[in-house]
Amino acid sequence: MEKANSILLADDSHTFLMYVGILVKRLGYNIYLARDGVEAIKLAKEKKPSIIVLDYMMPKIDGSSCLSIIRSDPELRNTPVLILTSSGGESTRDEFERLGCCGFLNKPINISEFYRVINECLKHDNKGMNKRKNIRAPLSLRVFIEYRNETRELTASAMSVEGMYLRTVAPFEVGTELNVVFNIDYEDPVELRSKVIYNNRLSTEIEPEPGMGIKFLDIPEDVRYRLSYFIVNHITSDLTLEGQDIYKDIGIEDSLFF
């Protein structure tokens, strides 16, 4: 059964599947996990994911054979496929490109690059996925809103490097410009001019939650860097493997957004 906004991730490392699966979920996707090529084909036919990410080397059926089977299946042949590889020369990439893969992801994984490549492959996807350009982290962050002579304290429930969503029963009108002030690290508070780009007013349901989406205006590069670091760290900081650094253990890059 097809589920919108879904990724099938196939790799023979169970640890890699678990931690990268958690990260992918936090990036806003539904995730299916396959531990070998046979399971990948079975899940692909059953779940009809929006995109398939295959490890180059897997037991039973490797990534190349999986891709060939997918491209020969009438129900799956148009599904975008990315290949995960920790090595491989141009000849290997040429082989996958001839088989119809839409891109490559190198291990160790860079989370921002992963997000960018996934979105690029799905840009013209006929399943209608519409992902944000930048990683958006769910959070609970105290924010001070300065508008005219008024200051309001609100909670941001999500944030990217470009803006945030503020929970409130009394959102400002679209187009309203205001200042936002908040803390994300031990440096000075971030203060940015912003503009309301959409709002959700309280209705008969709580989804989406009442509030307003704001876009940051004229972001200095040093602030953008701080925001990027904060967002990726917020998504990944709790993922540890028995007290060890998971980036070295399972192939996730420690420089997550460069």
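Visitor: Which residue forms a salt bridge with R226?
Guide: In this predicted model, R226 pairs with E187 in a salt bridge, and their closest N and O atoms are 3.7 Å apart.

Visitor: Is R226 buried or exposed?
Guide: R226 counts as buried, because its relative accessibility is 12% and the cut-off for buried is under 20%.

Visitor: Switching topic, how many salt bridges are there?
Guide: The count comes to 19 salt bridges. One of them joins the side chains of D73 and K45, at 2.5 Å from N to O.

Visitor: What does the pair D73 and K45 tie together?
Guide: D73 lies in the loop between α3 (63–72) and β4 (81–85), and K45 lies in helix α2 (residues 37–47), so this pair links parts that are 28 residues apart in sequence. D73 is buried at 11% relative accessibility, whereas K45 is partly exposed at 36%.

Visitor: And which residue does R201 form a salt bridge with?
Guide: R201 forms a salt bridge with E173, with the closest N and O atoms 2.9 Å apart. R201 is in the loop between β10 (190–200) and β11 (211–217), and E173 is in the loop between β8 (163–167) and β9 (177–182), so the pair ties together parts that are 28 residues apart in sequence.

Visitor: Is E173 buried or exposed?
Guide: E173 is exposed, with a relative accessible area of 52%, while R201 is partly exposed at 42%.

Methods. Residues are numbered from 1 along each chain as its sequence is written. This is a predicted model: local features need pLDDT of at least 70, side-chain atom pairs count only at pLDDT 80 or more; totals for chains, interfaces and linings use all residues. Side-chain values use heavy atoms; hydrogens and water are left out. A salt bridge is a side-chain nitrogen of Lys or Arg within 4 Å of a carboxyl oxygen of Asp or Glu. Helices (H or I, at least four residues) and strands (E, at least two) are DSSP runs, numbered from the N terminus. Buried means under 20% relative accessible area, exposed over 50%, partly exposed in between (1.4 Å probe, protein chains only).
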